[in-house]
Amino acid sequence: MAAELVGGALLSAFLQVAFDRLASPQVVDFFRRRKLDEKLLGKLNIMLHSINALADDAELRQFKDPHVKAWLFAVKEAVFDAEDILDEIDYELTRCQVEAESQPQTITYKVSNFFNATFSSFNNKIDSGLKEVLEKLEYLARQKGALGLKECTYSSDGSGSKVPQKFPSSSLMIESVIYGRDTDKDIIINWLTFETYNSTQPSILSIVGMGGLGKTTLAQHVYNDPKIDDATFDSKAWVCVSNHFNVLTVTRTILEAITHKKDDSENLEMIHKNLKEKLSGKKFLLVLDDVWNERREEWEVVQTPLSYGAPGSRILVTTRGEKVASIMRSKVHHLKQLGENESWNVFENHALKDGDLEFSDELEQIGKRIVKKCNGLPLALKTIGCLLRTKSSTLDWKIILESDIWELPKEDSEIIPVLFLSYLYLPSHLKKCFAYCALFPKDHEFVKEELILLWMAQNCLRCPQQIRHPEGVGEQYFNDLLSRSFFQQSNVKRRFVMHDLLNELANIFVQIFVSG
């Protein structure tokens, strides 16, 4: 079931590979020399792009709609059929080249013989195969109306990867108690209330960590702490940015949060002037929750009116990406997983039924083993705790213990969408590198340089001309995944690990490839 749940997850990753292969000079030249129908390549390319646009919408909707999930699997099979045809062409190219090289003719004769030889049987097989794939894809594309699929529904991060919108947050605390974050909270509050005389820009601090660690919850508790009110901020505002970073929309939302009034203006100049007027000479606290934007120029436009605040103004950011913090020139506070005791407290708080003071000895033993599987991720602890709150028998608890966390009922779990969102936001070349990491067992500590060599051996790295050495490309890819919290520094120097749930996610993607 787990593999089926994210059956379309890798579409955007391997579709990019198909696009590259279709556009390769070798394939195009092969069609021309063999007098194959070159128009079929163009039609296939267009159809795959159309399917890719629909897949962006379908990848998230598959969680709730089994018909969409089935559609994704059918698309995957059709695309694999196209890949098989391209593999046959690659094999034929290699075979002909080897045969030509083995003949004792001149180089001129070899090349002429290689390119002009006609193999009608093979040509017909390729033509008919492509036509069959096209028919399947055209049929699947026509199903978009019945399934309600939309093209290019989601915003782009600039890499061409499209991502869905998540539910917005507010400053109101959902959890009245926050476990294991007292030290984090004190550090952030001390930073917010420390006097500064920086007159040019408000100071910025980013809370960075993987999805499900409780960054928003921590920010909510900081925002509502009485010590913040005592810090004499003239104005406080909470803005949920999420992954759609539109300069006009974000700036207008900040203005509305400051003034507590709706603003319908579509004129950035007017919004900038109004926001500058409201903030000039005033000490403010602004929380920007769930920021994904990695474009410095867009942030600088949003930041312009904020620079008119009084010294001591603060901006608190929550983000999954360290690169976001970098482009905002902010300090960074890394949020870590919860410790064993804190993890148990979170689980216990959500799993205990009303009126119960403690678990039976047997349930407590099972519960502690379940908690260990969650590896300090508050969202997983909360999700499973809430699920087990409705289960009273030991057998029910054992079933949850023995099942994969990805097998939880979709209606009971926020974990999959939260972690899956991080994957969806990756550029296609990083998706492939991430999926490769499924080879590592859980808790495996790896060295960066060794992983890069493995990526190189599996041809996972694209090498742009400005970076000649694959090692340089691998270094860039590794740092990108590290900054997005897919990797974490281990306790051993120069070694890294993956969170268990991200490791499981990578394993699911590998299962999808193998099953294909």
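Is phenylalanine 347 buried or exposed? At 0% relative accessibility, phenylalanine 347 counts as buried, where buried means under 20% relative accessible area, exposed over 50% and partly exposed in between, with a 1.4 Å probe and protein chains only. The model is predicted, so to speak of local features a pLDDT of at least 70 is needed, side-chain atom pairs count only at pLDDT 80 or more, and totals for chains, interfaces and linings use all residues. Residues are numbered from 1 along each chain as its sequence is written, and side-chain values use heavy atoms, with hydrogens and water left out.A search of the whole structure finds 13 aromatic pairs. Rings of Phe, Tyr and Trp (its six-membered ring) pair if their centres lie within 6.5 Å; planes under 30 degrees apart count as stacked, over 60 as edge-to-face and the rest as tilted. Tryptophan 344 and phenylalanine 347 form a tilted pair, 5.6 Å centre to centre with 40° between the planes. Both residues lie in helix α16 (residues 340-351), three residues apart, about one turn of the helix; helices are DSSP runs (H or I, at least four residues) numbered from the N terminus. Tryptophan 344 is also buried, at 12% relative accessibility.

Phenylalanine 347 has another partner, tryptophan 397: the ring centres are 5.9 Å apart and the planes at 85°, so this pair is edge-to-face. Tryptophan 397 belongs to helix α19 (residues 394-402) and phenylalanine 347 to helix α16, so the pair ties together parts that are 50 residues apart in sequence. Tryptophan 397 is buried, with a relative accessible area of 1%.

Elsewhere, ring pairs link Phe440, Phe446, Phe478, Phe487 and Phe496 into a cluster. Charges meet rings too: the charged end of lysine 236 sits over the ring of tyrosine 223, 4.2 Å from its centre (NZ of Lys or CZ of Arg within 6 Å of the ring centre and within 35 degrees of the ring normal).

Definitions and conventions: Helices (H or I, at least four residues) and strands (E, at least two) are DSSP runs, numbered from the N terminus.
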